[in-house]
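Please open the structure in your viewer and keep the selection panel at hand. The stops below are meant to be taken in order.

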Amino acid sequence: MTSGWVNGHTPTGLPAVQTVVIADDEPSMRLLVHATIDSDDYIVVEAGDGTQAWAVIQKHKPSLVLLDVQMPGKSGLEVLRLVKADPSLAATKVILLTAKAQESDIETGLIAGADFYLTKPFSPLDLLTRVEEALQLP
Amino acid sequence: MTLRRRGWSLRQYMAGFMGVLLVVAALAELAVHSLTEQDARQAAQADATFAARVAANEIENELNAFRETTDEQAANPQAAVVASTPNASCGITLAGGIAFSSGHLDIVTPDGSVVCSSRPRPIGPVYARAAWLPIALHSRVTTAPFLDPATDQISAVVASPIAGGIGALVTILALAPVGPNLAAIVGGARQPEFLVATTDTNTVLARSLQPMRWVGTRLADTSLTRSAGPFERPDVDGTARLYGRWGVGSTTWVVLAGADRTAALASADQFASRSLAIILAGVAVMLVTAFVVFRRIAEPVRRLSQVMRGASSGAAVNAVAGTGAAEVADLAEDFDKLMESVKRELAERLTSEQKAMVSERNYRMLFESHPQPMWLYDIDTLAFLKVNDAAVDEYGYSREEFLGMTIKDIRPPQDVPKFLELIANSPTFDRSGPWPHILKDGSTIQVLITSHAIRFGEHDARFVLAENLTESRRLELELSQSKARAESNAELGRAKDEMMSIVSHEMRTPLASIVGFTELLVTRDVTARLRKQYLEVMLQEGLRLTALITDFLDLRIIERGHQTMRFAPADMGALIKRSVDLAGEAGAPIELRLPENLPLVRVDSDSIFRVLTNLLSNSRKYSPDGGAIVVGAEVVDGMLEVSVQDHGLGVPADALTQIFEKFYRVEGADRRSIKGTGLGLAISKKIVEVHGGKIGVRSEGAGKGSLFYFTVPLAQAQAQIGDVLVVEDDAGFAQLLEAELTGNGLSSIWAADAETAEHLMANVRAVVLDLLLPGLSGEIFLEKVRKQRGPGIPVVIVTSKNLDSAAGLALQKAGVMAVLLKGSDTAATAARVLAKTLGPVLVVAS
């Protein structure tokens, strides 16, 4: 299920518009993240579970994925591993969002290749900073 | 063990059998011997008689032939010439016979001289002294014996006269060869002895044995010649013989033929000895057979019998192994099996007897040393039969005093009629109270009685455990406190971990929404539309968090046993109807299928109401496309089973066992948007389990609907009887009322709603009624009481409702004893009022 607006075509000759994927099974969380990062600079695509998230990522080759860890279907960590294993997604950055708060969980996420890791509840401004950092990284 | 001889042993039988066998064999041998000897003797005598007869005939015939020849020669004229002419020449010859084989023929003159002879003629008158000569000159003569002077042989004489008395023709026959001749002619194979003798002179004429010695001798014993028929006797020379005899017709001679007895009986003896050999062989075969039988049957049986009697150790099969006949071996095997099962049974019996002894001792110790008073009393005489130490300590009476009392002596007098009525109808097992009991010092204690009907010796008795309520409550509290301390120490770490985990997983998400949107609202300028959207999400998530915390804490309380459950009779139908009313009209329609006259259940009404609303709420949530929800109830195996069936999303098979676990959610796109704390079913499960019931779910699978059910126990009949019916939905206030009633010596039953109370009002003497009740109102219930029980039953109203005067008047008309506004001493007042009406007020010792 996708919501928001989706544009699969990037205008020829213009700098590519960056795509951001938000994957969370809680609609209220998707709404919060979407509202936080909402900008004309990105195209935002939402996914309600891990399986759907992986399908959307493969289709849109996004610059950034905001992944909830505990999701039905595929978990956030599974999706993260798939992203890191796919050469065509080498440029895709991943920020994990999770209700898990223990050190070991954070380590697991970073080892799997996440660029950032935010625990719920998080500050939307903090999230925004992380997103902008991720997208400006060379 | 005394051994009694019922008869001979097998050994004795075998010995007896062999003895009889030997005697029979000996008798048979004797019989054979005697019979064969008799046969042989008869045969030998018959043969001898026959031989005598043939010999006698031969002698007769030859004598006749010699007579004829002598007559013919005498009649010849030449004979006269020769006799009358001295020295005339002549020639005559004698042809001998077979028996009489030698002799001579002479012509003799009257002076005894021989004038012509068939042998050389003797000179002189040789026959002058012959006795036969004068007779022979005139007539025929046959005589013997005669010593022939011419030959010096004993002879027989046959003579005939020559005409004119001038001489005689004489045939002289030598007798010595006759015996041997007869033996040669007619003796046959048996070779009997032949003896010819005269019967008148008893003189031997011929004998086949030693003729030269015997011929001519006279026999001293006349019996030999005169015995008739065959006979046995010693011969003249001593040999035993078997004789036959036959007379020679024209003479006084007799022929005796005698067979040698020894020789005659030799064959018989031989036959007898052969038969003896055969009999001995038969006996030997019989003895061997008997011995084998003894070895294979008697001996194994004897050894078997020794094993059976315990004289010899070991298994019976071993005792007969290898030697016993198949039947004996089978017998031994059967015996071993029998012994095996007997031993086993004995061992089992011994063990169970020991167990019974130990168990009996344990029970006695338990009874004697139990810290709470216990006793046994006869249900007919009500006399105490046995009391324990605690009863003696608690009640103040000595054991002897107790045993001289009846159970009525420890009851207040006003309680006795009711108590007797209860005893008459009490079930096998009964738990009731509180009852006031009077101690020896006159004070009263409140006790909870647990009793059980038992058989004690000759008495039908009841076994009673009396719990002093004050004491048991204190113990209970101490126990639960120490238990809680122990549990909390052990569980603290685990509980903390669980709490951490729960907070992380389930509370952070709504918290993240609330915190996040709050920050957005604080830091950004947002449109009014967005602000409203954000605030709505925040409210929703805040409520979700609240529900989660509430459910979680409730679950913790129930799990740790801190939830106070007030079990009381309740009308499940009424609870179901109220939960359906609460669910409202929105969503899938709910249909009730409740049978008439459902029995009352024993539940904590508030808790079960929570289970019902939870199940109904789930059914609604998981039936997004509608489809009727059916609520049913029925009695199954002594429990009431309530079911809630929907036609919604259903439960996949793999989730059926996990669905009652905390925070378990069935995954699927169709139900992701359905909200819930994930604790409702876990709480329901705990509540049902505390009631002693079961909760479960049945579903054909996802999309096929589901059926949730749970069971609760039925209310016991004795829990539905009491002095006062307390109709009050506030469990705390109801408890206070009951305690006050107990303090006034009144028992009570509690109904949390009017529907339940309707079932109970027939069993009580008075009613305490709250007006504000769930479901049916107090006023309507009051009408029903008056209708069923009439104006006589006392009713006290306790209410927090401010009644106007009209309402008060209506209640007074309805015959209410008192209307009490709920306050600090309402319960005590209500109890006192009722105690005054129903019976004497008891002074409760502090």
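In this tour, a residue is called buried when its relative accessible area is under 20%, exposed when it is over 50%, and partly exposed in between, with a 1.4 Å probe and protein chains only. The model is a predicted one, in which local features need pLDDT of at least 70 and side-chain atom pairs count only at pLDDT 80 or more, while totals for chains, interfaces and linings use all residues. Residues are numbered from 1 along each chain as its sequence is written, chains are lettered from A and ligands numbered from 1 in the order in which they are written, and side-chain values use heavy atoms, with hydrogens and water left out.

**Stop 1: confidence.** Colour by pLDDT, the predictor's confidence in each residue, from 0 to 100. The mean for chain B is 84, and 94% of its residues reach 70 or more. Within chain B, helix α8 (residues 316-320) has the lowest confidence, a mean of 71, and strand β22 (residues 706-713) the highest, at 94. Residues 841-846 of chain B have pLDDT below 50. The model scores ipTM 0.80 and pTM 0.46.

**Stop 2: chain A.** Select chain A and show its cartoon. Helices (H or I, at least four residues) and strands (E, at least two) are DSSP runs, numbered from the N terminus. Chain A has 5 helices and 5 strands, and their order from the N terminus is β-α-β-α-β-α-β-α-β-α. Of its 138 residues, 51% count as buried.

**Stop 3: the interface.** Now show both chains. Contact here means heavy atoms within 4.5 Å. 23 residues of chain A are in contact with 22 residues of chain B. The buried area, which is the accessible area (1.4 Å probe) that two parts lose on being put together, summed over both, is about 1900 Å² between chain A and chain B, and carbon and sulfur atoms give 60% of it. Select L31(A), L32(A) and P121(A): they supply 24% of the area that chain A buries against chain B, more than any other three residues.

**Stop 4: a salt bridge between the chains.** Which side chains meet E26(A) in a salt bridge? A salt bridge is a side-chain nitrogen of Lys or Arg within 4 Å of a carboxyl oxygen of Asp or Glu. The rule finds 1 across the interface of chain A and chain B, and it joins E26(A) to R544(B) at 3.1 Å, N to O. The pair runs from R544(B) in helix α14 of chain B to E26(A) in the loop between β1 (18-23) and α1 of chain A. E26(A) is buried, at a relative accessible area of 14%.

**Stop 5: along α14 of chain B.** Stay on R544(B), whose side chain also meets that of E541(B) in a salt bridge (3.2 Å, N to O). These two are 3 residues apart in helix α14 of chain B, so about one helical turn separates them. E541(B) is buried, with a relative accessible area of 1%.

**Stop 6: R566(B).** Select R566(B), in the loop between α14 (528-559) and β16 (568-570) of chain B. R566(B) counts as buried because its relative accessibility is 18%. Beyond its neighbours within four places in sequence, its contacts include D604(B), E738(B) and W750(B).

Stop 7: Go to E333(B) and K337(B), whose side chains form a salt bridge (3.9 Å, N to O). E333(B) is partly exposed at 40%, whereas K337(B) is exposed at 53%.
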